[in-house]
Amino acid sequence: MKFPFTKFSIFVFICWCLPATAKIILHTDNAHDLASFKQSDMRSLSSETNILALTQQTHKLHFEFVPLKRSLKFMAKGQSICITNKIKTHQRAQQFIFSKPINLFLGRRLYQFSDLSSQGINEPISLAELFVQYPQRRLIVSDQISYGDKLDQKITKLPEQNKIVRRGASHVQGILDMFSEKRGEYALFYPLEMSAKQWQESTVSYTVAGIEPYLLGRLMCVNNPETRQFIKKVNKQIDTLNQDGALLRAHLKYYHSDFHQDVTRFVTAEFLAPH
């Protein structure tokens with residue numbers, strides 16, 4: 001028996017069998033990054049390194065501004081969502097897939113304004129001992145992010161009266177604003193965050209005992225066939241960027257020269273290591 005295949009029926013058959021280009025939804029809770037991603041405008045370490053990593057993609061990329069807690073609710077439904085600049089913790093690795101490192105942030109430091117007494121404070125500073133010594137003071141933290149496994153544990157153990165929790169999106173700018181308004185005495189910032197802000201008053205910072213000297217930002221994605229294919233292509237692009245030194249150059253562009261030696265050492269060790 002013969003089947004009357006026409007050119008149109010063959011075209012329909014091919015289109016039916018070949019999947020359309022998958023769409024990956026990329027979430028960020030940083031309004032400045034969102035504008036950069038949509039305009040392909042490299043204006044910060046975060047935006048430049050992510051834009052570099054996302055080039056050469058065949059997937060359709062759709063960027064959205066979404067707070068982390070809402071992102072996690074969408075991800076629980078299995079949508080093809082990835083979030084930028086996420087830390088790979090043990091708990092998260094059980095639920096999600098991650099890209100290779102895209103950016104490196106020198107570890108958070110504890111900041112206070114210079115006019116606040118620092119008598120009896122020694123480095124590296126113990127958060128627990130700090131609030132025993134100064135029980136009326138408070139640390140401003142966000143409930144939208146992980147500070148890394150070790151620092152998360154230290155923050156969790158602090159008495160509630162020693163914490164002010166900043167809820168909602170735009171957590172970086174929100175905490176910077178709260179700190180500048182002196183809503184709390186202390187906050188944990190990356191050096192890059194502080195260097196980008198013009199302060200009317202001088203600040204003092206301390207290393208925190210027992211935390212990592214740096215943190216690695218990655219894409220964190222729902223684990224499904226589309227995102228696994230997407231991450232595979234992102235990782236291939238990251239390998240290319242590392243081979244020609246593009247990611248290292250992007251980091252040195254935004255860090256003060258005082259940090260270049262450390263940044264070069266950390267990026268070389270982490271980005272060229274197998275993941």
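**Cavity, pockets and cores**

Tutor: This is a predicted model. In the largest cavity, helix H8 gives the largest share of the lining, three residues.

Student: Which residues line the largest cavity?

Tutor: The lining consists of Arg108, Ile145, Tyr147, His171, Val172, Ile175, Leu188, Phe189 and Glu193. H8 and S9 are the elements that give two or more residues to it.

Student: How much space lies in there?

Tutor: About 60 Å³ lies in the largest cavity. The count of cavities of 30 Å³ or more is one.

Student: And by class, what does the lining have?

Tutor: Six nonpolar, one polar and two charged residues.

Student: Why would residues three or four places apart in a helix point the same way?

Tutor: An α-helix has 3.6 residues a turn, so residues at that spacing point the same way.

Student: Now pockets. What volume does the largest pocket have?

Tutor: The largest pocket holds about 970 Å³ of space. Its lining has 35 residues, and Asn30, Asp33, Ser46, Val172 and Glu193 lie nearest the centre. The elements that give two or more residues to this lining are S1, H2, H3, strand S3 (81–86), H8, H9 and S11.

Student: What about the second largest pocket?

Tutor: The second largest pocket has a volume of about 570 Å³. It is lined by 26 residues, with Gln91, Arg92, Ile145, Ser146 and Asp152 nearest its centre. Helices H4 (68–76), H5 (90–93) and H7 (149–157) and strands S7 and S8 are the elements that give two or more residues to the lining. The largest share, five residues, comes from H7. By class, there are nine nonpolar, nine polar and eight charged residues.

Student: Changing topic: how many aromatic pairs are there?

Tutor: Eight. In one of them, Phe131 and Tyr186 have ring centres 5.9 Å apart and planes at 85°, so the pair is edge-to-face. Phe131 lies in helix H6 (residues 127–133) and Tyr186 in strand S9, so this pair ties together parts that are 55 residues apart in sequence.

Student: Which residues form the aromatic cluster?

Tutor: Tyr111, Phe113, Phe179 and Phe189 form one aromatic cluster.

Student: Last topic, the largest nonpolar core. Which members touch the most others?

Tutor: Leu104, Leu219 and Phe230, out of 37 residues. The elements that give two or more residues to this core are strands S1 (23–28), S5 (103–106) and S11 (214–221), and helices H2 (31–39), H3 (45–54), H10 (225–243), H11 (246–254) and H12 (260–271). There is also a second, separate core of 30 residues, which includes Tyr111, Phe113, Ile145 and Tyr147.

Student: What does Leu219 touch?

Tutor: Not counting residues up to four places away in sequence, its contacts include Leu26, Leu54, Ile83, Ile97, Phe98, Phe230 and Val234, and also Asn50, Thr84 and Ser99.

Student: And the protein as a whole?

Tutor: The protein has twelve helices and eleven strands. Of its 275 residues, 47% count as buried. Among contacts between residues at least 6 apart in sequence, 77% join residues at least 24 apart.

Terms used
Residues are numbered from 1 along each chain as its sequence is written. This is a predicted model: local features need pLDDT of at least 70, side-chain atom pairs count only at pLDDT 80 or more; totals for chains, interfaces and linings use all residues. Side-chain values use heavy atoms; hydrogens and water are left out. A nonpolar core is a set of buried Ala, Val, Leu, Ile, Met, Phe, Trp, Tyr and Cys residues joined through side-chain atoms within 4.5 Å. Buried means under 20% relative accessible area, exposed over 50%, partly exposed in between (1.4 Å probe, protein chains only). Helices (H or I, at least four residues) and strands (E, at least two) are DSSP runs, numbered from the N terminus. Contact means heavy atoms within 4.5 Å. On a 1 Å grid over the protein atoms alone, a cavity is a set of points where a 1.4 Å probe fits but cannot get out, and a pocket is an open set with protein on both sides within 12 Å along at least five of seven lines; lining residues have an atom within 4 Å of a point. Grid points are joined across faces, edges and corners, and a volume is the space filled by probe spheres set on the points. Ala, Val, Leu, Ile, Met, Phe, Trp, Tyr, Cys and Pro count as nonpolar, Asp, Glu, Lys and Arg as charged, and the others, Gly among them, as polar. Rings of Phe, Tyr and Trp (its six-membered ring) pair if their centres lie within 6.5 Å; planes under 30 degrees apart count as stacked, over 60 as edge-to-face and the rest as tilted.
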